[in-house]
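Thanks for coming. I will take one structure today, starting with the ligand and then moving to a few backbone details. Please have a look at it first.

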Amino acid sequence: MEVLSPMEKKLLLELEKHGGEAKPEEIDMELVKIMNAASWLQSKKIVGIKEKLIKEYEITEEGKKFLEYGLPEKKLLSMDNVTIDEIEEKFGKKDAKIMIGWALNKKWCNILKKDGKKYIIITNEGRKATSQPEEEALKKIYNGDFSIDEKIASILKKRRAIKERERISRSIYLTPLGWNIIKKGIEIEEELSQITPDIIKSGEWKNKKFRRYDVKAFAPSIYAAKRHPLGQLIEKIRRIFADMGFKEIKGGYVESAFWNMDVLFIPQDHPARDMQDTFYCKNPKEIEVDKNLLDKIAKVHESGIDGSKGWGYSFDKNKAKKALLRTHTTVNTIRYLANHKKPPAKVFSIERVFRRENIDTTHLPEFHQIEGIIYEKDANFSMLKGILKEFYGRMGFKEIRYRPAYFPYTEPSMEVEVQWRGKWIELGGSGIFRPEVTKPFGIDEPVLAWGLGLERMAMILLGLNDIRKLYFSDIKWLQTLPLL
Ligand code: PHE
């Protein structure tokens, strides 16, 4: 009893007054309050709510004419032995057709052909015709009584005299539990359901009775709007790098092979350049590259730079111009360095890359990379390890592992792995840019670089078995996901 609100109590008393069951419109309370209280009481099994679909009718403009002037076919009854031509002349072709049609249907008349003319002959039945069931029904509807014969209703509908509409009629009734509560006696007293600063300050709370809360009462879940988990993660990563003093940079989806690969000393016959691995564009098919820079990089590939021997093959400048969807965001950082040759620099980007991968539980053809560099005097490999450990630590990974790796543009190179379900899983690559990458731009201090997968990490943080889930708009999953 103590968990019932004053409104609920009031409704129970009202129901008792009506003998245990009443329609909302019969109860002396505001409708919204009734329905509100009723639904709470229903969830506590104190009342039940019955619903019934009720048919109602509405009289149309046509129907109103029938009510006022009677059914059109009745006017025909005074037209015994008159030709159809004359009737049409008197009432107009359209109305004449309706009158004659219904009169024939009701067997009130016959048509007689004589001397090439058609006459209306009123039958005995027609002569006896008085008040019609349609008219009776219309009168009833007019008076708000909808209990009319189904057949007549359907005729009136067909004659477009009435329209049907449906309404749900509800009635609220006391359950046995409800009756029990009533029998114990319900008292409505003033209760406080909310505490305010004023109530505390004035000391009013001391003499007031507080409403007891039923913490187990059912309430529908409300899901606050929030960003998609990937969006939230990106936001969090941005923060982490910004906090560590990094600046965010951005790039474009479409790049030349030159910037995506050649300047990074990726040999032109590298398998990753294959149509199998890279999406090449049809339009634009090629992107122009600065001539001087192209010559310079061609030489680096062919014969090296500053002590390097290069790859020793003959560089194809047309291949360098090919347009493609960037396969990694390392292109963002090398473009940045090309324009900011003076150290120090700490930049990062979190952007989308594209690869011809077959989609499965751990692979997507479009995904994001968390890319970054530290470019400064005396930067070294330990710093690289430290920054990655710090980043993953802030993302919640206690344990990370480094493994030697190979990238054409870094030396030394390493991969970062984290623990996932008892296994080590690779999350990204990193290393120090080779002289073949930095020297052509006149960059003399070390550049620590990394490119880490976002979706793989998201999968682990969100406990997913399938990376694709991140891109299904599964609203149930999204709603119940906690904030990251
Ligand atoms: N670009 C590499 C990849 O896509 C990652 C990487 C970035 C490696 C920078 C070394 C340095 O996997």
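When I say polar contact, I mean a pair of N or O atoms within 3.5 Å; within protein, one must be able to donate a hydrogen and the other to accept it, and residues adjacent in sequence count only if both atoms are side-chain atoms. This is a predicted model, where local features need pLDDT of at least 70 and side-chain atom pairs count only at pLDDT 80 or more, while totals for chains, interfaces and linings use all residues. Residues are numbered from 1 along each chain as its sequence is written, and side-chain values use heavy atoms, with hydrogens and water left out.

Q369 has a polar side-chain atom 2.9 Å from an oxygen atom of the ligand. Y409 places one 2.8 Å from a nitrogen atom of the ligand. On its own the ligand has 320 Å² of accessible area, and the protein covers 91% of that (Shrake-Rupley method, 1.4 Å probe; for residues, only the protein chains shown count as cover).

Now the shell as a whole. There are 13 residues around the ligand, counted when a heavy atom lies within 4 Å of it. By class they are four nonpolar, seven polar and two charged. Here Ala, Val, Leu, Ile, Met, Phe, Trp, Tyr, Cys and Pro count as nonpolar, Asp, Glu, Lys and Arg as charged, and the others, Gly among them, as polar. β11 (366-375), β14 (423-433) and β15 (447-453) each give at least two shell residues, and β15 has the largest share, with three. Helices (H or I, at least four residues) and strands (E, at least two) are DSSP runs, numbered from the N terminus.

Next, the backbone. Where are the cis peptide bonds I want to show? One joins N283 and P284, with omega about 5°, and P284 is in the loop between α13 and α14 (291-303). Another joins P343 and P344, with omega about -5°. P344 belongs to the loop between α16 (330-339) and β10 (345-354).

Last, K45. Its phi is near 65°, a positive value in a residue other than glycine. K45 is found in the loop between α2 (31-43) and β2 (47-59).

That is all from me.
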